[in-house]
Amino acid sequence: MKEFKVLGPGCRSCQLTAEMVQREADRLGVEVVVEKVTDMVEIMRYGVMRTPGVVLDGTLVHTGGVPHVRTVREWLKSD
């Protein structure tokens with residue numbers, strides 16, 4: 001199971017990112033947990049200056065804008 005955190009204030013881009021991760025995981029049959037993190041202190045702990053940020057299994061993998069769907073698929077297919 002992969003654990004994703006979408007970091008951001010809850011803006012539309014953050015919502016779209018979380019929805020895309022869940023949708024693509026469902027489409028690929030990958031089990032995921034998607035958590036939305038809106039606490040600015042926790043977001044800053046990851047060093048995110050532009051949201052949304054995406055954390056995959058504890059590692060920051062993206063910041064600033066909605067990631068491309070191909071990128072999300074790569075995250076889901078990685079070991």
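Is phenylalanine 4 buried or exposed? I looked that up to open this page, keeping in mind that the model is predicted. Phenylalanine 4 counts as buried because its relative accessibility is 1%, and the cut-off for buried is under 20%.

Next I searched for aromatic pairs and found 1 in the structure. Phenylalanine 4 pairs with tryptophan 75, with 6.3 Å from centre to centre and 45 degrees between the planes, so I noted it as tilted, since stacked needs under 30 degrees and edge-to-face over 60. The two partners sit 71 residues apart, phenylalanine 4 in strand β1 (residues 2-7) and tryptophan 75 in helix α3, and the pair links distant parts of the chain.

**Tryptophan 75**

I then stayed with the tryptophan. Helix α3 covers residues 69-77, and tryptophan 75 belongs to it. Its relative accessibility is 9%, so I put tryptophan 75 down as buried. I skipped neighbours within four places in sequence and listed the contacts of tryptophan 75: Lys2, Phe4, Val54, Leu56, Val61, His62 and Pro67. I also checked methionine 49, which is 26 residues from tryptophan 75 along the chain; their C-alpha atoms are 21 Å apart.

**Histidine 62**

His62 was on that contact list, and I followed it up. Histidine 62 is part of strand β4 (residues 59-63). Histidine 62 counts as buried because its relative accessibility is 17%. What does the side chain of histidine 62 reach? I found the backbone oxygen of glycine 65, at 2.6 Å. With neighbours within four places in sequence left out again, histidine 62 touches Pro52, Gly53, Val54, Pro67 and Trp75. Val54 and Pro67 turn up in the contacts of tryptophan 75 and of histidine 62.

Methods:
Residues numbered from 1 in each chain as written. Predicted model: local features only at pLDDT ≥ 70, side-chain atom pairs only at ≥ 80, totals over all residues. Heavy atoms only, no water. Helix = DSSP H or I, 4+ residues; strand = E, 2+ residues; numbered from the N terminus. Buried < 20%, exposed > 50% of the residue type's maximum accessible area, 1.4 Å probe, protein only. Contact = heavy atoms within 4.5 Å. Phe/Tyr/Trp six-rings, centres within 6.5 Å; stacked < 30°, edge-to-face > 60°. Polar contact = N/O pair within 3.5 Å; in protein donor to acceptor, adjacent residues only side chain to side chain.
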